[in-house]
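Morning, everyone. Let me put the structure up, and then I'll walk you through a few places in it.

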Amino acid sequence: MAGRSRKIQVGAEPPENRTLPPEARILPVRNTVLYPFGILPLGVSRDRDTRLLNEAIASDRLVVVAMQRDPSVEDPGPADLHDVGTACNLLRMVRQPDGQLSVLLQGIARIAIGEAVSRDPFLVARITPLAEAEPNDVGAQGMLKALIGQFRRVVELSPQLPDEAGATAESQTSAGRTADFVASLLDLKPDDKQALLATADVRTRLERLNTILGRELQALEVGAQIQEQMRESLDARQKEFLLRQQLEAIKKELGEGDDAQREIGELKERIDKAGMPPEVRKEADRELSRLGRIPAQAPEYTVARTYLEWLCDMPWTVVTQDDLDLKHARAVLDEDHFGLEKIKERILEYLAVRRFKPDARTPILCFAGPPGTGKTSLGQSIARAVGRKFVRQSLGGVRDEAEIRGHRRTYIGALPGNIIQGIRRAGTRNPIFMLDEVDKLGADFRGDPASALLEVLDPAQNQAFVDHYLDVPFDLSQVMFVTTANYLDPVPPALRDRMEVIELSGYTDAEKLEIAKRHLIPRVIRENGLEPLGVTLTDAAILKIARQYTSEAGLRNLEREIANVLRRTAKQVAEGGDPPRAIGPERVRELLGPEPLTEDPVVRIDVPGAALGLAWTPAGGELLTVEATIMPGAKQLQLTGQLGDVMKESAQAALSWVRAHAPELGIDPAFFDSVDIHVHLPSGAIAKDGPSAGVTLATALVSALTGRAMRPGIAMTGEITLLGRVLPIGGLKEKALAAQRGGIRTVIIPADNQKDLEEIPVETRATMIFAPVTRIDQVLTLALEPAPMALGDPPSAGAPNEAPRAEPSGRAAAAHAGATGRAGR
């Protein structure tokens, strides 16, 4: 193989009067061009080329060097070579130990390569020397001088060219030889060099070279300017470094000491006192040693020092002792919160276990419930009852995994994640750590924070939690994590599985009254400095605010309205008035204005085609009105109110059941052939879905078709099937509390949900009737007014118009035949 090598120019002259034969041996080379009078060292390994050189050294030593068009061709033919090459004299040939030949060639003249004469054992072709006419006019002489001047400037700026190259170019005997000499020393692409070789006209060659040298000179000047700027910048830094060194020496002479060494000494002392685990101590010592080798002025110094300060500030061995007195814990929990027995019992169970097993696994709790039910404040109360530090971190809107795991130290401004930051703020390795609004986590291109929490909230893994910034394990197994959520559906199943979910329901009126008297009113008076006024609210006033000025499962709006009442009373006193200090219901209306919730929901359901249902939302239960109307048309069911797919399917199932049982209901079986039915759920801006409105949809349809209005004070919930069965639903407690807030006194529920009545507060069950049913015809009998009877028609036994009697105990006295619904939500 003929390989590319470095070309040199020597003073030896080839024989100028040598006559070239009409045919010559052709030596293909890759990416290499040899100009006349130039010298080329070459390595040859191809068999054909070796035979060619052996014959040439044994005969006339004449070889024509031609560059391949495609360097990847291993056995090039005439078509694979450029048409112009260089006739060469083989000066020397040496065989290397590996069998390769090293040859030294000297160019003689430009040669035009003609047709091939022979291809075996090597290529032989006809050749024709290209004549070069030396121009003697003034223009050519000017181009030659410009060429030499530019080349001298290039030699000055380029470190790759020897200093004597400029003088050698000027000493050449002709313009053509000068152009070839300059072209041989420039670092050009092989195709550009071949183009210059193929240019026999000297004037054209000088023009092309001047253009090439102009571009090369411009690039070298820009590079030289950049290097000069860098050199000046380095000189300035070196000067600053020397001045700082002198300043440090002056400070030492003045006795001010070395701040950097003092900082390193302080850090070493803090590392000794931190009580780090062995692997963490090893990393801290390594980083401290590295810090001692970094100049104090370098940016890396601050990064390393900040990292060591974080390691020293972490509570590796600091723990708080739990207060295991169950009576004290119960007293604290009762003092801070009314009700919430499930959560209180769970905390007391944990303390009881800790008394018998001090190293018991710490529970990971999740409080799920409507807003304003006290989930966040419960964390503070638990910390006070147990005797631990409390840390809260809001996860609402967090979309970056680095917020949990931290940023790696390679990033500018990197910091640990919120978990490690919270532990550092607490100053102890076993705080109560509240992760608020875990259902509001997001995910985007920066990662999924919920996935990062899987390790944090897994007791089997979090004993060696590694933050990306610290990059050393930290034990989180003693931290008591408490999370909160309004709605569990957005929480990934894997994350939900790691938490013990305790659901908080909305408060009843009785609970709101007690909480307002114990906590809300004293807090509002204290926060607004109203103790000297001696203002109080009667029970009736508090209940009026809760029922007619707020409609919520929690307590936030109730507290706001109570604060408004007390502040407006204080304003009247400050203006010189003498308002009554005991505020009753009438006084509440004067201060807050007309009641926004004066309309009783039961009053609205007084015409045929309307039914009242119950719905569950993340904010608690809500009353759900369903309206149906009949109009002339052609068998169409129109559903409006932003209904989801499941609710639309429930409406279809309800209509199918009504059509299948039309004769039993006193409806013409062909009624659907000539009418359209429109079912609407008000509050159209709110999305609605779920199967529990099935019985309400069926009741509204039957009411519209039969003209039977719904009985007052009744609401219902339950899923319906095509066979008329009523299946169980979820969220019964929240729905029952919503019914109580809406003035409902009778709630129709699926029979399979009777077991859930135990979760409903006793005072709610004592004031309401819960009627369990198994079939939709039972629902219709309970919910709708009797159909008007013709004069003289006595009621028959067991007529569907006779409503079964429901007892206040929450269980219907009348039993109805029919299949029971399967378990499910």
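Start with one residue. Glu-287 touches Ala-304, Tyr-307, Leu-308 and Arg-409, leaving out residues up to four places away in sequence. Touching, or contact, means heavy atoms within 4.5 Å. Glu-287 sits in helix 8, residues 278–292. Helices (H or I, at least four residues) and strands (E, at least two) are DSSP runs, numbered from the N terminus. Is Glu-287 buried or exposed? Glu-287 counts as buried because its relative accessible area is 3%. The cut-offs: buried is under 20% relative accessible area, exposed is over 50%, and partly exposed lies in between, with a 1.4 Å probe and protein chains only.

Some ground rules. This is a predicted model, where local features need pLDDT of at least 70 and side-chain atom pairs count only at pLDDT 80 or more, while totals for chains, interfaces and linings use all residues. Residues are numbered from 1 along each chain as its sequence is written, and side-chain values use heavy atoms, with hydrogens and water left out.

On confidence: pLDDT is the predictor's confidence in each residue, from 0 to 100. The protein averages 81, and 90% of the residues score at least 70. Residues 3–13 fall below 50; that stretch has 28 contacts in the model beyond near neighbours in sequence. Residues 789–825 are also below 50, with 67 such contacts.

Five strands form an open sheet, order 8-9-12-7-13, with parallel pairing. Two strands pair if DSSP finds at least two bridges between them. Strand 8 (390–394) and strand 13 (500–503) are the edges, each pairing on one side only. Neighbouring strands are turned by 20° against each other on average, direction ignored. Strand 8 is joined to strand 9, residues 432–436, by 5 bridges. There, Arg-392 stands opposite Met-434 in strand 9.

Two helices lie against these strands. Helix 11 (341–356) lies across strands 7, 12 and 13, at about 145° to strand 13. Helix 12 (375–386) touches strands 7, 8, 9 and 12, and its direction makes about 175° with that of strand 9. For those angles, axes are lines fitted to C-alpha atoms, for helices over the stretch in contact, and angles run from 0 to 180 degrees between N-to-C directions.

Next, the cores. A nonpolar core is a set of buried Ala, Val, Leu, Ile, Met, Phe, Trp, Tyr and Cys residues joined through side-chain atoms within 4.5 Å. The largest has 60 residues; Val-679, Met-710 and Ile-748 have the most contacts inside it. Helix 23 (694–706) gives the largest share, 7 residues. A second, separate core has 54 residues, including Cys-312, Ile-420, Val-438 and Ala-485.

Where does helix 17 kink? The kink in helix 17 (509–527) is about 50°, centred on Ala-516. The bend at a residue is the angle between axes fitted to the seven residues ending there and the seven starting there. Among the buried residues of helix 17 are Asp-509, Ala-516 and His-519. Its buried residues pack against several elements, including helix 10 (326–336) and helix 19 (556–574). Gly-529 follows helix 17, with a positive phi near 65°.

Last stop: Pro-594. Pro-594 is in the loop between helix 20 (585–592) and helix 21 (601–604). Pro-594 counts as exposed because its relative accessibility is 61%. Leaving aside neighbours within four places in sequence, Pro-594 contacts Tyr-549 and Arg-589.
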